[in-house]
Each structure stands twice: as structure tokens, then as C-alpha cells.
Amino acid sequence: RNWTRDLNTTDDANALTEDFRGGDFIDVLRNESSVMQAGARILDGLESDVKIPKKATASAAAWLATEGANVAESEPTFSQISLTPKDLGAFTEVTRRMIQQSTLSIEALIRDDLAQAIALAIDLAALSGSGSSGQPTGIKNTSGINAVDFGASGDVTPTFAQVVEMETKLGEDNALSGNLAYIAPASMYGYLKTTEKAANTAQFVVEPGGTMNGYKTIVSNQCAAADLYFANWSDVLIGMWGGLDLLVDPYTNSKAGTILIRAIQTVDVAVRHPVSFCIGNDGGS
């Protein structure tokens, strides 16, 4: 006899099962932290507004023109650095059925997702916060930081001389100490890996080991595509009022059985010495 064998996975899909592998859950790819990774100084456990006294100018000594002459008066001047609470938050709503049917620990997953989102938002604000609409003032928008103009508008290709010039700016201001490092976006870093320090030397701006100009270099897309930073990163302060405030709210949408998970962090950013920072870009970014 001739038998016809026509069972297949398309026509007879109801006979198949799925192997749902929740333990192999794949998270989204995120930006690497920049300022946090570079060594920003964290002030945690804050309660009130913060005022940090700062010596703005130092006394100056002067030579006496003649024996017995009076010493000239000189005195330091003082200023303050302020940190005031600013709130950053996010929330997610989860339906009753999603909680019942999900084989993943959906609440823990959401908590972790919100926490990571807030951490990266704080890091970005420390780098380039606008200082308006509730945001802290980040390094990029702080008055008095050093700057190097890379040239034509839209140019994201600094020369080795310009990379060194950023270091020189800090040296001229006596700020070349502490947690010194460059922060570069991936696109610029990739270009500099193939950019020679000088023609026909086979020595590239990004050196073996991933350093530039002898300093640690952090690659992060928190940094805008045209921006390169060099700084003593311990001179940026990130103040935290309390810990991350996580709330699971089953009441607001209780008629539908929906649960709201909310996260808020209170934070601010301040710079101890603006001259400890240098940004390089096309001058208009």
C-alpha cells in the first residue's frame, strides 16, 4: 500500500508546544554611565538645602619696598556652592491580568527598569542638564568651564593637538589633578581609533589600552555625538536626598485592578571648580 504522510508544523500547529524561557530574559541595551563611572563625588543622606563654603580668591603676599615699610593688606574672599532638591521620577501601570498570568516576576522587572532609567537620567543631567524645567545644571551648561573649538560646524573629528589642548586648559588653571579622564561618544571614539597623532607615524589618538593622551577614556552615548569632555571628575557633586522612593499603588486604579509602580529620586548637581572641566566640540553644540 501507498501511505500519504502529510503532517506538518503549519497545518498541525495545535500539536506543538512552546518552550518559554523566562530565565533567559533579554534586557534592552542601555547607555553606559558617564559621570558616575568617571568618579563623580556622591553626597547622600541629605535632608536640607546644602550650602558649601568656598574660597573664591586667596590672599596675596607682596614684597616690602624698604626696611620698616608696612605690609600691604590682603584678604581672601569667599563664596558658596548650593544644592537644592530636584525631583526625577517615572511610573508604570500593570494590569491585574498581567500580574496573574506573567511567568516573569513582573513587579521586580519593572522596579529594576525604573531604577536603571532614573540612574541614567541623573548621570545625563550631571553631564548636560539644562538648569531649567526642574533639571539640575550640568557640566556642559555651567558658567566658567573651559572649552576647545574643534572647528567647522558639525565637525566631530578633533585632532590630537586639540585633545592635548583640553588637558592644557586644566593645567593652566591649576586644575590638573584628581580623577582625570576623557568622556567620548562611541562615534567619536571609533574615529579617533583610526586617526593618527601625526601623519605616517602609525600612532593613533586612541592609544593601546584605550587611553587618550595617557588618560583613561570612558566611552558613553550619554555624551552628545559632537562633544568630548576632559575633567577632574571628582569636582562634580551629585547630591541625593534620601534613597530611591519606590511605591506600589493598588488603590488609584483599583476599579480596574491595575497596579501603579512609581519611582522618584530627589537629586541635584553642582560643580566645585568650573575650571576643572573642559568641553570640546564645534563651538555651537
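Author: A salt bridge here is a side-chain nitrogen of Lys or Arg within 4 Å of a carboxyl oxygen of Asp or Glu. This is a predicted model. Arg 30 forms such a bridge with Asp 113, with the closest N and O atoms 2.6 Å apart.

Reader: Where do Arg 30 and Asp 113 sit in the chain?
Author: Arg 30 is in the segment before helix H1 (35-38), and Asp 113 is in helix H3. They are 83 residues apart, so the pair links distant parts of the chain.

Reader: How many salt bridges in the count?
Author: Ten. Among them is Glu 207 with Lys 197, at 3.0 Å between the closest N and O atoms. Glu 207 is buried at 15% relative accessibility, whereas Lys 197 is partly exposed at 28%.

Reader: Which residues join into one network through shared partners?
Author: Asp 19, Arg 21 and Asp 24. The side chains of Asp 24 and Arg 21 meet at 2.8 Å, N to O.

Reader: And Asp 123, buried or exposed?
Author: Asp 123 is buried, and it has no salt bridge. Lys 216, the nearest side chain of opposite charge, is 12 Å away. Asp 123 lies in helix H3 (residues 106-128).

Reader: What touches Asp 123, beyond its sequence neighbours within four places?
Author: Ser 33, Ser 34, Val 35, Met 36 and Gln 222.

Reader: New topic. What lines the largest pocket?
Author: 14 residues line the largest pocket, with Leu 88, Ala 121, Ala 125, Gln 135 and Pro 136 nearest its centre. H3 gives the most, five residues. The lining divides into seven nonpolar, five polar and two charged.

Reader: How much space lies in the largest pocket?
Author: About 200 Å³.

Conventions:
Residues numbered from 1 in each chain as written. Predicted model: local features only at pLDDT ≥ 70, side-chain atom pairs only at ≥ 80, totals over all residues. Heavy atoms only, no water. Helix = DSSP H or I, 4+ residues; strand = E, 2+ residues; numbered from the N terminus. Buried < 20%, exposed > 50% of the residue type's maximum accessible area, 1.4 Å probe, protein only. Lys, Arg positive; Asp, Glu negative; His and termini not counted. Contact = heavy atoms within 4.5 Å. 1 Å grid on protein atoms, 1.4 Å probe; cavity = no way out; pocket = protein on both sides within 12 Å on 5 of 7 lines; lining within 4 Å. Points joined across faces, edges and corners; volume = space filled by probe spheres on them. Nonpolar A, V, L, I, M, F, W, Y, C, P; charged D, E, K, R; others polar.
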